[in-house]
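Me: Please take a close look at a single part of this model. Which strands does it pair with, and how?

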Amino acid sequence: MTTQFIGHTTTLGFSLTWQEAAADQPMLATRGWLGATVANHEVWPHGAHDSESWPWIELLEFLARHWRYLEHEIGSDPLGLDEPLDCVREVAEARWDDASEAVRDVEEAQLLGYLRSHDLSRALRGALAPKLFVARRSERWARVSAANVSVDVPWQEVSETLVSLGDAIAARLSALTDSRSVSVCLAWAERSKLDVVAQLVIASGRDHEQVSKLMQGAAGEPSAERFAVAARMVSERVSLVDLAPFFDALREETEADRDPLSLLRKRAVAHIGAADVAAMRRYEQGYTLARWYREERKIPETDRIDLDAELTALGVFVRSVSVDQPEVDAMCALHPSGAASIVVNTFGEHAQGALGRRATLAHELCHLLVDLGIVIPFVEAKSVRAPKHTEQRANAFAAELLVPQSEAARVAHELTALNVPETVRALSHRFGASQTLCARQLSYALRRVDVDTSIDDAVAEYIRALEG
Ligand SMILES: [Zn+2]
């Protein structure tokens with residue numbers, strides 16, 4: 001018995017040992033021991049000799065059936081919960097406690113369908129194997145994870161490893177003529193044969209009818225899959241027809257110089273990396289990045305930032321659309337050419353009005369700097385289903401970029417229980433941010449300023465009043 005190793009121990013790897021030299025029956029021909037390693041952690045013990053062998057034709061059947069989802073379901077989980085996949089279900093259950101039965105049913109079907117395709121342990125029908133998830137996060141990156149370990153790996157590499165594993169199992173069946181062997185080998189050989197509309201149905205999570213209606217014209221263009229991925233970040237209550245104006249606007253590119261943004265992106269990613277992000281919370285990352293941005297662009301923290309001028313200087317193309325779907329605030333995209341665009345919905349719940357527009361542009365700027373193509377796909381939709389943690393970081397970035405903590409803290413020293421509303425209004429006027437955003441920045445600044453607790457209470461009370 002020889003053991004072959006497929007993949008990489010530092011990312012995703014498999015060690016495979018066949019039980020028999022050869023056999024003429026599919027279960028026996030593929031019987032053996034398979035160990036799986038994620039980031040140097042043994043997730044599936046190889047177990048040869050100590051444990052019973054398994055017919056790995058089941059894994060090949062799983063891979064053949066679910067390959068289309070592994071390949072085209074790009075982004076976070078379908079609900080945008082953005083939690084590790086081995087505990088995403090518990091997080092969803094907690095959320096369903098407060099949801100209507102109808103919402104729960106739809107979301108549960110979507111989430112379970114997603115987990116079924118991305119958990120390789122599901123291949124072992126009847127056997128209890130530890131969960132092992134493979135999910136493509138962006139065009140370039142996939143996340144491989146198990147209970148206590150997670151690693152981001154280029155999709156290309158993950159795909160090559162899984163294909164080699166599938167090929168190794170298929171090779172054991174290639175000479176067999178029984179129907180099970182023949183059909184799994186055929187399905188495996190044709191795993192990537194999928195018409196464009198079917199690909200877009202998977203990428204967008206929308207039904208065939210909607211996709212074929214809207215995407216017909218766009219199906220041939222390379223951006224079609226990106227739009228489908230963006231659609232997946234928006235709940236299905238918003239139809240693809242309503243998203244069409246966003247896609248039309250995103251399609252336009254300018255001839256602006258791509259270098260300023262691409263240089264700044266490299267520096268921003270390096271800065272976040274240098275800031276020991278593992279030890280920091282999401283909003284602190286957003287704050288740190290916003291402070292870095294002002295410093296980098298030489299904008300004093302006492303000044304109101306001119307976002308349109310910033311985006312123009314970076315060569316980002318900004319457009320507005322008016323789509324009566326308040327849950328979609330904006331979309332942004334980084335094109336293969338390196339050009340970037342942002343589309344703001346003037347009817348978006350958080351994007352409407354001059355102040356909402358500024359906060360939305362700042363939020364999208366964060367995605368353009370550190371997220372797009374890295375932790376989220378090359379396109380994002382600021383909507384209720386966008387990945388939660390990335391959204392929190394972008395919101396914190398926007399708040400700090402618009403109203404720096406240093407200034408909020410300075411103002412906080414002068415707060416009394418009586419002047420909260422006028423102080424918030426003055427901040428809002430000075431920095432061009434909503435009163436809610438300013439009041440929240442003040443409340444956060446108060447944690448580091450020695451004032452009477454009655455002032456904290458007055459600010460908290462005012463935030464509640466603003467939020468109605
Ligand atoms: Zn966002």
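Reply:
**Strand pairing**

Trp-54, in strand 5, is the bridge partner of Gly-32. A strand here is a DSSP run of E, at least two residues long, numbered from the N terminus. This is a predicted model: local features need pLDDT of at least 70, side-chain atom pairs count only at pLDDT 80 or more, and totals for chains, interfaces and linings use all residues. Residue numbers start from 1 along each chain as its sequence is written.

The part in focus is strand 3, residues 31-38. Its pairing with strand 5 (residues 54-55) is antiparallel, over two bridges. Strands pair if DSSP finds at least two bridges between them.

Strand 2 (residues 12-18) also pairs with strand 3, again antiparallel, over seven bridges. There, Phe-14 stands opposite Ala-36.

Strand 4 (residues 41-44) is antiparallel to strand 3 too, with three bridges. Trp-44 of strand 4 faces Ala-36. Strands 3 and 4 form a hairpin with two residues between them. In this hairpin, Ala-39 takes a positive phi near 45°.

Strand 3 is mostly covered, with six of its eight residues buried. Buried means that 20 or more other C-beta atoms, placed from the backbone, lie within 10 Å of the residue's own.

Now the cores. A nonpolar core is a set of buried Ala, Val, Leu, Ile, Met, Phe, Trp, Tyr and Cys residues joined through C-beta atoms within 7 Å. The largest has 87 residues; Met-331 and Leu-402 touch the most other members.

Notes
A residue is buried if 20 or more other C-beta atoms lie within 10 Å of its own, exposed if 12 or fewer, and partly exposed in between; C-beta atoms are placed from the backbone. Helices (H or I, at least four residues) and strands (E, at least two) are DSSP runs, numbered from the N terminus.
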